[in-house]
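Biologist: Before we look at the model, could you show me how to read an interface between two chains, giving the rule behind each term as it comes up?

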Amino acid sequence: MTSVYIPVQGTEEEVRVALDQLPHDASDILDILKAEQAPLHLWLIIAREYFKQGKIEQFRQILEEGSGPEIDEYYADVKYERIAILNALGAFHTFLGKVDRAPQKESHFKDATQYYNRASRIDETEPSTWIGKGQLCVAKGELQMASDSFKIVLDEDGNNFPALLGQASVYFLMGEGEQQHKKSLEHYRNSLDLYKRALRVYSNCPAAVRLGIAFCRYKLGQVEKARQAFQRVLELDPQNVDALVALAIMDLQTNEAGGIRSGMEKMKKAFEIYPYYTLALNHLANHYFFTGQHFVVEQLTETALSSSNHVLLKSHAYYNLARSYHSKGDIETAGRYYMASVNEISKPQDFVLPYIGLGQIQLKFGDLKSSLGSFEKVLEVHPENCESLKAIGHIHAKSGETEKAIETFKKVTRIDPKDHQAFVELGELLVESDWAAAMEYLKTARNLLKKAGEAVPVELLNGIGLLHFEKGEFEMAEQSFKEALGDGLWVSVMDGKVGSSMVNWSVQNKDQSFFHQLEEEGVPLELHSIKVTTLFNYARLLEELHDSVRASLFYRFIIFKYPDYIDAYLRLAAIAKQRNNVQLSIELIGDALKIDEKNPNALSMLGSLELQSDETWLTAKEHFRSAKEATKGDTYSLLQLGNWNYFAANRPEKKAPKIEATHREKAMELYQSQVLKHHRSNMFAANGIGILYAEKAKWDVAKELFTQVHEAASGSIFVHMPDVWINLAHTYFAQGHFQQAVKMYQNCLRKFFHNTDATILLYLARTHYEAERWQDCRKTLLRAIHLAPSNYLLRFNVGVSMQKFSASTLQKAKQTVDEVRATVTELQNAIRVFSLLSVASTYHSHGFDERKIETHVEYCKHLLNAAKVHRDAAEQAEQQNKQKMEVARQIALAEEARRRAEEQRKFQLERRREEDELKQVKQQEEHFERVKEQWKTSSHTPGKRKDRSKTEDEEVGNEKRRRKGIRRRKDQKTKMQYGEEEEDEYKDEPEADDDYADLARYNGADNSEKAPDHLLAAAGLDDSDAEDDMGHPQSAIERKRRAWSESEDDEPVKKPAAPPSPGADGLSE
Amino acid sequence: MKLAGLKSVDGAHEESIWAAAWAPAADHRPTAVLLTGALDETVRAWLPDDLAALGSPARGHALGVVSLAAHPAGALAAAVSLDSFIRVFDVDTGASVATLEAPPSEVWGVQFHPMGNALAAAGGGSGSVKLWDTERWQPITSLTVPRPEGARPDRTGSGKFVLSVAWSPDGKLLACGSMDGTIAIYDAVRMKFLHHLEGHHMPVRSMVFSPVDPHVLFTACDDCHIHIYDAKEKSLIGAMSGHASWVLSIDVSPDGLAVATGSSDRTVRLWDINMRTSVQTMSNHSDQVWAVAFRPPGGAGIRAGRLASASDDKSISLYDYS
């Protein structure tokens, strides 16, 4: 029990004050102290005791009393104690200022400054005052001033312990605050030296001093020495939280399981000793985050937040909280805390992690710009952080800046050539522009994964497969798809192990019982959701390989497992449509629309199906419209509407020219202003416009358009546009370029239709007809009949062509017997054909007027009679001819004999003359030899050479000229190439809605890849039998009519009155 | 099960070849003979194995030959031309035996009854199958194809348009394929319509019954598919796909294990019936393959399987089938 003894004034007695029994009211003591005029150091002792007991008010009361003006006066010569009291008050206020928040902070610092100044006035050399001032400056953050204060003391007494400590801490703080690494190391080193000095001066100092040494060493990177120092601190003071936490952090940083465990134990211990230590709390939270105890994390971080003002620690705490919510999926809260964490710190260098989280969340919320900003902050600190780079690449890709995205991902692959994700991204980004590079990247990714022994993700293999698919490398594509799919029902289907008969019947019906049956048989029917797309693509591939039976089965399987997979319904509908099973196709689209009544693909497809039927073509428009609305007016649906309008303009039942014109205008508007304006290279729209121009007989414009589209379409393997071939051919035809037209029709037939399209054959025949190539016309028509047996128009046309052939043969000035015989046969055939038609019309409504046919039959019969006469005449003539020729031959023979004799004679003469000449020549030669010998040096030769060189010059000149010519031609060529390049651009921008590309790329949500063509086809130009004059340029028809009437005029015999325009319809309708 | 090309004759006709049929070996002739008909209005005969031309082309098949059928006895054959005449002729001499027509309509596919006592012809627009007896070449009957219930209206505006016929090997069933893809099945004994087979929706240009299972019918259709039906039970028991375009012709191998098809995709394919899968594709033709025909068993070289194909490219090809 310690006591102080206050001497009673004037006596030898003392008042004993037990320090642990200080009265609650400090006034009692004060009274004693004042009354007895106790020495000042006793005041101090008692005040300190109060402070130790936490009785701050009493402490203050005594000291304030002890520093009052009376005391100053009374104890004027007691310097040191007075200074000590003032300094104690100064330190007290410094402490209060350090803890409290503004604005009291300022007033405390002010008070502290005043006390220290008073102390200085008493004795300005007193070191403890300077030390106090120094500490005040430290608290105020004025490090340089603090350093100066400490220096004053140290200059006086280099071993002043508190000053040493103060100065050391100033250097340490300077090191913390220093931006430049080198300088800060310098500060730490100074700090360390001072701490060491302090330790030497006072080796029994509190453990905390060693803490300073440890921190300095730690900062200087002397990890082992730092650790030893911390441990020494703990030896001296096992309760030292700072040392515990520091050691724990060092343990954690070893990143080994053992280290982490012991680190965590230390952290927990520190937490038990002092539960408000923010750093420890943060670390604990961090730990529990990784162990997934989110509740604990929140508790810890909340405590951390409330117990610290340190920005970095708070930022850490917010980060922990955010992370916890993030991983729990509450991204909104997480986002807020990330934001709070970021707001705590002034620059990303301090703590970069929350930016990553923030960026991720912003990305998730679609705030690309902010997200980009966050990730860029990360890059400021870690310019080669692959994750952030990838995120940035992703953002670029999302915001359509493909170039930048590619650049970013390329950077990632440079930094880490093993980052398969980046390769995958690159591959996907380059798919559109650079097939080969895309393939290369995807394959690199696959190889990286394989090398690493990791499973190659289905998506990657799917992507590789698709690339092969698009390139037409079907086998490679199949391999990739198979690899992606692994084992499953599809394997047994492809092997033929699954009962093939069942496979087949399920194709026909919408029935799924086949799969139930398989299930009952115990066949595993699994289809993981990530494989669905690949299976779909595989089915697409099978379709492309014409194996629609298996393709259908796969689509059905997809529907069986995932009944909402609309694309599978649509593909099945497309297959049904290809097989002309319209009913089933419509049902399937109906199923698709039940799932999503606004699916634009389904609507478009339904529309185009309806367009083909007479009853429903009007409702088609509604479906096209809804499709347009559903897609917000994408190119495809606009095109369809345009096509519909064109189609409507040409419907036979609405022949009002006004309506027709309106529809055409509307179509033009849709093609031109709505589609072409936004997609300058849309071939389908250009084609449509071409058609509309052609209808107005603006051939040059139309041809220009068609030619361009044709070239563009020929350049792409994905575009199937037979229409433009046909349209171009039509244009050639209309302009009278029959040969080109024929070529174009034939190429189209071969390229797109396997020569199976009877309608194009009809166009071809018409061209032959117009070119008066009757036999070609006839054969072409016969081929068409063979392909389309039920098309009676073709038969009629064959009859007409044979009739025409015969008539033209008979009109010739001279005919051979064979020709006339052939004519007779042809006429007989023609009569047969016509009469068969005539009979057929009694029970068939093929739309021919019987009387018209009769006319033809009559005419042919007439021709036949004439031909027979001709034939007889020709045969007679031939007979006579033969006789005449015999006579002529005899005469010729005689003549020949005579001529031969004459020749013989001439020959003899000639020979004699030649012999004479030979002799002369010999003589001359001999003479010449002699002369030659005389010319030893020949002066003539150079002249000759000159001559030659002259000619050479000339030749060179010629060549030059020629070269010039060539160059000029080259110039022209380059010009042409420019033209081509322009068209290349045209090609290079495949329309966004090119559904074929889409379908190849993403599970082909195409409703019908050929729909546009088909529509156009349906809409007009290559129209089918019923209304095929529709698409034909009208003037062409007129031409033909004219041609026909000419032929009719040519007829030698008046024919019975016939209904208007006979025959012509045959070919043109 | 495979095909090996033996010989091809380019320019076998002056124009596209549209029909081919084997006339089986007969008493007077030890080998079968391949007959081909073309757009050049001729029918030609070829010796097997070396495809040497036999005699000169028979002319007069006006407007082009669309179908050929040989009498099982091997002496006679029938050729159908676009002028809608069926010309029955002697295979060896080329002499005309009879000229048939089925007014008012045209004629497409023809087939002789397996016993040879009747000739069936698809009557095109008349929507019926016409039958003649082969003794006196008199018409026996005309079987009308009824419209299936709830049938779709035909786009041509006409009724059924009949393209192809096939007899079952036991002569009990007669199948009749049409433009709209439906196949009518008749009881060929009682001459009664039985039912329709459904599944195709495009022209069925060629059909053949299995030689081993007289109910099984193979059909070739413009929808690129080959269907396998049980004609008696009215069920679709299989479908095979692989051709890129119309399947124009089909024939079944004498052992009944394989079918061969010709397509406008210019290929000949061989199919394994049991596996329901394409086992081989021959790409030697450069245009539509309008006819494929397995040589019937009988005569010299009976063991060797032979398949002939004829194409729009004016060539014929012979393959070894094993």
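Modeller: Across the interface of chain B and chain A, 25 residue pairs are in polar contact, both residues being at pLDDT 80 or more; a polar contact is a pair of N or O atoms within 3.5 Å, where, within protein, one must be able to donate a hydrogen and the other to accept it, and residues adjacent in sequence count only if both atoms are side-chain atoms. This is a predicted model, in which local features need pLDDT of at least 70 and side-chain atom pairs count only at pLDDT 80 or more, while totals for chains, interfaces and linings use all residues. Residues are numbered from 1 along each chain as its sequence is written, chains are lettered from A and ligands numbered from 1 in the order in which they are written, and side-chain values use heavy atoms, with hydrogens and water left out.

Biologist: How many salt bridges are counted between chain B and chain A?

Modeller: A salt bridge is a side-chain nitrogen of Lys or Arg within 4 Å of a carboxyl oxygen of Asp or Glu, and the count between chain B and chain A is six. B:Asp223 and A:Arg579 form a salt bridge through their side chains, at 2.7 Å from N to O.

Biologist: Is B:Ser245 buried or exposed?

Modeller: Buried means under 20% relative accessible area, exposed over 50%, partly exposed in between (1.4 Å probe, protein chains only); B:Ser245, at 5%, is buried. Its contacts (heavy atoms within 4.5 Å) include A:His754 and A:Thr756, and its side chain makes a polar contact of 2.8 Å with that of B:Ser264.

Definitions and conventions: Lists of a residue's contacts leave out its neighbours within four places in sequence.
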